[in-house]
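Hi everyone, thanks for making the time. I'd like to walk you through one model today, chain by chain, so let me put it up on the screen.

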Amino acid sequence: MADTFYDVMRRQGISRRSFLKFCSLTATSLGLGPAFVPQIVHAMETKPRTPVIWLHGLECTCCTESFIRSAHPLVSDVVLSMISLDYDDTIMAAAGHQAEAILEQTIEKYDGQFVLACEGNPPLNEDGMYCFQGGIPYLEKLKKMADHAAHIIAWGSCASWGCVQAAKPNPTQAVPIHKVLNKPVIKVPGCPPIPEVMTGIVTYLLTFGLPELDRQGRPKMFYSQRIHDKCYRRPHFDAGQFVEKFDDEGARKGYCLYKVGCKGPTTYNACSTTRWNEAVSFPIGSGHGCIGCSEDAFWDKGSFYDRVTDIQPQIESTADRVGGTLAAVTGAAVVAHAAASAIKRARDTKGAKTTEKGGA
Amino acid sequence: MAAYVTQGFELDNSGKRVVVDPICRIEGHLRIEVNLDDRNVIRNAVSTGTMWRGLEVILKGRDPRDAWAFTERICGVCTGVHALASVRAVENALKIQIPNNANVIRNLMHATLYAQDHLVHFYHLHALDWVDVVSALSADPKKTSELAQSISSWPMSSPGYYRDLHSRLAKFVESGQLGPFSNAYWGNPAYKLPPEANLMAVGHYLQALDFQKEIVKIQTIFGGKNPHPNWMVGGMPCSINVNETGAVGAINMERLNQVSKIVDDTIAFIDNVYIPDLLAIASFYKTWTYGGGISSKSLLSYGDFPEIANDYSASSLAFPRGAVLNGDLSTIHEVDLDDESQIQEFVDHSWYTYAEAGKGLHPYNGETNPKFELGQGVKGTKTRIENLDESAKYSWVKAPRFKGSPMEVGPLARYVIGYLQGKPEFKEPVDKVLTDLGLPLEAIFTTLGRTAARGLECSWAAHKMRQYTDELIANIKAGDTACANVDMWEPSTWPKQARGHGFVEAPRGALGHWIVIENQKIANYQCIVPTTWNATPRDAQGQIGAYEAALMDTKMEVADQPLEILRTIHSFDPCLACATHVMSPEGKELTSVKVR
């Protein structure tokens with residue numbers, strides 16, 4: 001089980017020749033000359049697995065559950081061969097003092113060298129005692145470990161944005177971890193994030209180092225395009241073919257779910273391409289609109305069944321440009337329709353907060 | 001605290017205080033404190049939920065059709081159970097009837113969760129309380145293979161398989177990087193398995209980890225993803241189309257075939273790996289008879305898996321419904337979630353206050369006013385707690401009671417109630433296990449009994465998955481492809497006021513949601529979840545809950561290694577995010593909606 005990086009690559013069918021090539025590419029990408037290749041080879045073949053400390057604040061553990069669904073790589077390979085998951089209260093054998101001692105040992109032995117993976121977030125109200133572990137506030141534990149970590153990952157929408165416990169009125173004052181840490185955070189949002197995106201980020205860190213992040217701190221490779229951009233139902237959107245009501249004729253034909261509230265047009269995530277659980281499906285593929293779970297404050301943007309009214313006519317690719325004109329016409333029509341119903345809704349609720357404002 | 005007697009237990013907190021915080025290998029955050037006498041026997045036990053999130057306040061004023069998504073995020077381990085309870089509550093309130101296919105698909109998704117969740121619990125959250133990973137190093141791979149093949153026909157059991165596993169394990173341990181197995185209790189005398197049984201279990205720990213992700217694909221097919229699949233009020237969003245244009249975008253033959261394959265594989269894994277392992281491990285722990293707690297006295301099950309769509313009466317439910325009180329196993333009490341005298345929540349020892357102190361409130365009238373205050377006897381400070389004071393408030397978990405009694409919920413409760421009702425699908429497997437192990441009926445009222453009931457239930461659920469898959473195909477064949485009833489989808493069709501409840505038997509036990517709808521919005525939402533029942537703190541009478549009672553009188557082999565505590569607490573499969581989800585704005589009293 002204690003395989004080096006090289007062992008794992010070999011078991012996955014990668015030849016020694018490819019491995020050496022990989023090492024020389026790594027040397028080049030790091031701006032190192034060919035002289036450094038043997039050193040990289042040596043390190044990959046012998047270096048200890050990177051310690052990972054996985055903390056849990058206010059959360060529901062869906063991120064851990066998602067992580068263990070990873071198929072490539074298998075989570076058993078990640079945990080036993082690629083990283084050293086030295087602390088994760090959901091799966092670790094020890095408890096109590098023996099568990100907490102591992103945190104101290106990690107700081108002593110791997111100061112500045114371990115990855116801190118954070119699931120959930122800290123509450124600030126009541127001096128942080130809405131979430132305490134070992135008798136002390138989670139906030140304290142989080143800050144302490146962050147001070148000594150090499151990289152910090154925010155798993156899921158709780159750690160990245162706040163998620164459900166931070167939805168209005170956020171009574172515990174739960175905050176995303178970047179608000180309380182003074183170090184860069186790699187945000188991997190989603191409720192939960194896609195299993196292979198999670199293991200993809202971890203293996204990327206081990207293989208290539210820090211991934212390129214967008215302005216909000218999300219890895220560009222998985223979060224730079226909208227669900228809508230790569231949705232297989234997009235042609236139906238462009239053609240104006242919509243599900244009008246759940247289980248209608250359009251639903252049975254797999255038409256676009258825009259009119260029943262799909263948030264795909266405003267949600268940045270990899271669901272429509274990577275898909276879920278070994279690409280078996282994704283929300284739209286099984287007939288329900290995207291609820292936008294990787295977006296900041298998605299809980300407070302109105303009902304999941306309200307139509308999105310703020311589609312950006314942004315064109316990212318030539319493929320988009322092809323269907324662009326048609327999409328613009330259809331889009332304008334549905335937006336106009338949605339706006340009309342929003343006005344009606346606002347009138348019906350007589351001055352109550354409209355759902356578009358959220359929290360209504 | 002002076003020693004006192006409650007529910008047949010003598011509580012005495014004069015001995016050495018041992019704290020276990022965090023309890024790992026659970027969902028959420030839990031703290032246990034116990035007092036040991038000079039023989040290292042637990043004489044007092046204190047269960048504390050150490051997190052507070054909740055959703056009830058956040059849900060107020062929102063669209064009832066969205067509630068399933070919010071409540072689903074109460075728990076990502078038993079993912080979907082809150083969503084199911086929520087859509088049932090809204091449908092109950094608005095009197096919405098769901099199509100047969102939606103009922104069958106929900107049953108299938110729910111049974112799928114049972115199979116995956118119980119399997120993961122046994123191997124990844126509970127097994128290390130019984131299995132010594134380091135001892136597995138002394139195992140002979142050939143003998144391990146013989147052992148494995150003597151108890152099951154499961155193919156991955158050759159001497160070669162165990163030789164590879166052994167060398168991988170040896171290399172892992174020699175690396176000095178023990179990962180999740182660091183700092184644990186290896187070598188503790190409470191571990192009783194021979195090295196070969198330990199090595200076999202380690203092999204199945206890894207196989208189960210790889211396999212569990214297959215089971216949930218059924219939820220992905222119908223719900224789009226897992227964890228946190230999609231549901232909807234009025235039915236299910238996954239339309240069925242097996243014949244016509246566009247079938248590739250719906251539930252079609254290929255999807256049904258995939259479901260069917262996963263069902264077969266799931267049954268095979270559970271019946272050929274989980275169940276034989278459970279029996280093999282149990283056979284070495286027959287004399288460890290601790291952990292019964294209140295399981296022979298107070299049990300509750302709401303029942304679940306309606307075999308007839310929209311009929312939630314006991315006769316339609318595949319899971320038993322009823323309650324046992326005061327140790328009287330001859331009487332099964334009726335359960336009514338709308339009866340305000342049956343289910344009530346108390347907060348005398350919880351970090352909340354009620355307008356009327358000491359009163360119990362039915363969920364329709366529930367209040368949630370947080371108040372974090374520590375008792376006089378606490379050692380430490382507000383943000384550095386060494387020992388809690390259980391004579392004061394000491395947990396973020398409320399104290400639910402059924403007719404005034406703390407109750408145990410979960411697989412053991414369901415199996416005992418089903419057994420007492422004489423239902424063969426629950427009675428026969430229990431009798432068979434007891435006969436095979438040579439144990440009397442009383443042996444089920446233990447930690448091990450709880451763990452065994454969960455295993456039997458996992459197998460039951462896997463076979464139910466087959467039944468529901470076949471029913472779905474039969475329905476479609478008969479020409480019924482309806483999946484959702486949207487007649488009352490638009491809020492304008494709803495009455496001005498409505499209220500209802502939705503119940504589910506979650507893997508961890510009885511789960512109830514109560515909703516009050518006014519002017520098309522949520523006016524009040526309350527949940528009482530399984531771990532709230534089991535992890536409950538005391539009440540004004542000093543009655544202890546299922547966790548606390550189950551720890552009583554247990555002898556610890558090594559006082560500072562909490563192996564026995566973990567064993568018993570894990571046998572309940574705690575879920576603390578569920579137990580302590582309730583929320584309200586700080587200090588502000590919440591409106592308690594009184595409908596009557």
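Before we look at the sheet, one convention: two strands count as paired if DSSP finds at least two bridges between them. And keep in mind that this is a predicted model.

Let's start with chain A. Here five strands make an open sheet, ordered E2-E1-E3-E6-E7, with parallel pairing. Strands E2 (83-88) and E7 (186-188) of chain A sit at the edges with a single partner strand each, so one side of each has no neighbour in the sheet. On average, neighbouring strands of this sheet are turned by 20° against each other, direction ignored.

Zooming in, strand E1 (residues 50-56) of chain A is joined to E2(A) by five bridges, and A:Thr50 has A:Ile83 as its bridge partner in E2(A). Packed on the sheet is helix H7 (residues 138-148) of chain A, which touches E1, E3 (115-119) and E6 (151-155) of that chain. The direction of H7 makes about 160° with that of E1(A).

Now over to chain B. Which strands does E4(B) pair with there? Strand E3 (residues 16-20) of chain B runs antiparallel to E4(B), with five bridges, and B:Lys16 stands opposite B:Leu36. E5 (residues 42-49) of chain B is also antiparallel to E4(B), through seven bridges. E4(B) and E5(B) form a hairpin with five residues between them, and B:Asn40 in the turn has a positive phi of about 65°.

Last stop, helix H4 (residues 100-126) of chain B: its 27 residues reach 37 Å from first C-alpha to last, close to the expected 39 Å. H4(B) bends by about 25° at B:Val120. Of its 27 residues, 25 are buried, so H4(B) is largely enclosed by the rest of the structure.

Terms used
Residues numbered from 1 in each chain as written. Chains lettered and ligands numbered in written order. Predicted model: local features only at pLDDT ≥ 70, side-chain atom pairs only at ≥ 80, totals over all residues. Helix = DSSP H or I, 4+ residues; strand = E, 2+ residues; numbered from the N terminus. Axes fitted to C-alpha atoms, helices over the stretch in contact; angles between N-to-C directions. Contact = placed C-beta atoms within 7 Å. Expected span 1.5 Å × (residues − 1). Bend = angle between axes of the 7 residues up to and from the residue. Buried ≥ 20, exposed ≤ 12 C-beta atoms within 10 Å, placed from the backbone.
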